[in-house]
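Notebook open, model loaded. I want to jot down what I look up as I go, starting with the backbone.

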Amino acid sequence: MVGVPSEISGEAAFARLFQLGPDGTEYRLLSRGGVAASRFRGSRLLTVSPEAVARLAEVAFAEVSHLFRTTHLESVRAILDDPEASPNDRFVAMELLKNAVISAAAQFPSCQDTGTAIVVGKKGDRAFVDGDLYDALCTGIARVWQTRNLRFSQMAPLTMYEEKNTGTNLPAQIDVEAVPGHALDFLFIAKGGGSANKTFLYQETRRVLEPDRLLAFLDEKIRTLGTAACPPYHLAIVVGGLSAEQTLKTVKLASTRALDTLPTTGDITGRAFRDLAMERKVHALTRKLGLGAQFGGKYFCHDVRVVRLPRHGGSLPIGIGVSCSADRQVKGRIDSNGVWLEKLETDPARFLPTVELAAATPTPIDLDRPMEEIRAALSALPVAAPVLLSGTMVVARDLVHAELAKRLAAGEPLPAYMRDHPIYYAGPAKTPEGFASGSFGPTTAARMDPYVPPFQAAGGSLVTIAKGNRARPVREACAAHGGFYLGSIGGAAAVLGQDVIKSIELIDYADFGMEAVWRIRVENFPAFIIIDDKGNDFFSTMLG
Ligand code: SF4
């Protein structure tokens, strides 16, 4: 014990870092098959068939693609009931609830980005899978993406610069930890790209650990999250960590509320704890940002989790991340009584209001008029004004923009479709039988920012539609060329797929799969003016 301070010698020095309380999750039984309990040298053992694991993963990812937790939907509904919520907050909340109702019918996933499959497992040291656990989980995941109307999002690197969609949505991220016991516990997360992109690590110093400095630091960093990951967010902040990766993994788990039962005080062992007072302060801070639920207001975040971790004296990692409006996680468990899955809400319609609530009143815009007239109609409205778009749009995103930029640089003109119609940055999920389109929400506009100035100078992309905030050059290009950027509601993709998109036709770059160019016809497509032709940007004052 030489050199070890007496207060950290003894048993407490070996306490577990994450001391979670009892699991209050409500589960439903999926099956009693595939599990067998036995005894070996007096100890209870559990043997699990690979098919039981595969089936659990399959049902978990199928359900989480369509259903939400009841607590999440309660939070969305609370926005409608809050007299301090802005009309735009209420408009977004209403669309998200309608989206949940459509997606619960199990045809349209709640979001077109059906995510990367992530499995965080805890395997009891007396629980045996009679086969390969990794293979079993992948089998279940592959079945879901093959058989349902989901989207394949995983790109395999063939070389450093060449990529191809794997066509299965695999690989999945699978992390399984060994723990004492005779059960298997899983957290299945379907994490969208836009949501994952809003995960940040900051390597800070002890100097930040002062009340005013820490809040000022968080205020600055939370603003940088912007709205591209479709607020309202479940925001998670982790201060400390024994490594950068531990900090970020803790962010991920806290954003899913998997760490809610941590202690709420620290101790000399260095255990992780939730700082509830800090959570309240940060939540209050987010309500004053003005960003609201995407288009101005109070509801940037549903809630905030702040976890404090121990750290090396020479490091202070701070992690920030979100769970987005596609708040998709579900717990699973296999024990001697069977295979269990967390109960999700199957009747989201009960959260819809029974009376009409005051919300923003949108202005209809006819997209079948010449581009000049569309722009004149938009020009008469202020930023943050809601609009309802009807008519023709062209869908194009990352790969097409990269190709068209090459053509433009080689002296070729932009195709007429880029000049004649508003450009919607998006990529659809698979189309359910009997419908015109699959879930088809907006992707993050910022990825297309570099293309806006040259495309607008060439007469194209004069009205763009997507989600999130954009860089200053886009604002400047819109002011110079009479352009507009409209924000579409992120996270309400099933509503668009079922009710708004009336036809979809592939018109160019067919080999790009879901990233091809599509002509779509829409009716009453909701959007908000974010950047106008006068150089106004709704987000610029709030995000700096
Ligand atoms: S809700 Fe938004 S951030 Fe979340 S998965 Fe869908 S598009 Fe991505």
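First stop: I found Pro-232 in the loop between helix H6 (211-224) and strand S11 (233-241). This is a predicted model, so I keep that in mind throughout. I checked the peptide bond from Pro-231 to Pro-232, and it is cis, with omega near 5°.

Next I went to Leu-170 and Pro-171, which are also joined by a cis peptide bond, omega about 5°. Pro-171 sits in the loop between strand S7 (163-165) and strand S8 (173-179). I noted these down because most peptide bonds are trans.

Then phi. Ser-461 comes out positive, near 50°, and it is not a glycine. I placed Ser-461 in the loop between helix H12 (452-457) and strand S20 (463-466).

On to the ligand. Which pocket does the ligand take up? I get the second largest pocket. Around the ligand I listed Cys-111, Gln-112, Asp-113, Gly-192, Ser-195, Ala-229, Cys-230, Cys-324, Ala-326, Arg-328, Lys-467 and Gly-491. That shell splits into five nonpolar, four polar and three charged residues.

Last, a helix pair. I looked at H3 (residues 87-103) against H14 (residues 493-500): they pack at about 70°, axes 7 Å apart. Angles of 65 to 115 degrees count as roughly perpendicular, so that is what I call H3 and H14. From H3, the contact uses Glu-95, Lys-98, Asn-99, Ile-102 and Ser-103; from H14, Ala-493, Ala-494, Val-495, Gln-498 and Asp-499. I sorted the residues of this H3 and H14 contact into four nonpolar, three polar and three charged.

Note on methods:
Residues numbered from 1 in each chain as written. Predicted model: local features only at pLDDT ≥ 70, side-chain atom pairs only at ≥ 80, totals over all residues. Heavy atoms only, no water. Axes fitted to C-alpha atoms, helices over the stretch in contact; angles between N-to-C directions. Helix = DSSP H or I, 4+ residues; strand = E, 2+ residues; numbered from the N terminus. Parallel < 35°, antiparallel > 145°, perpendicular 65-115°, else oblique. Contact = heavy atoms within 4.5 Å. Nonpolar A, V, L, I, M, F, W, Y, C, P; charged D, E, K, R; others polar. Near = heavy atom within 4 Å. 1 Å grid on protein atoms, 1.4 Å probe; cavity = no way out; pocket = protein on both sides within 12 Å on 5 of 7 lines; lining within 4 Å. Sits in = over half its atoms within 2 Å of the grid points.
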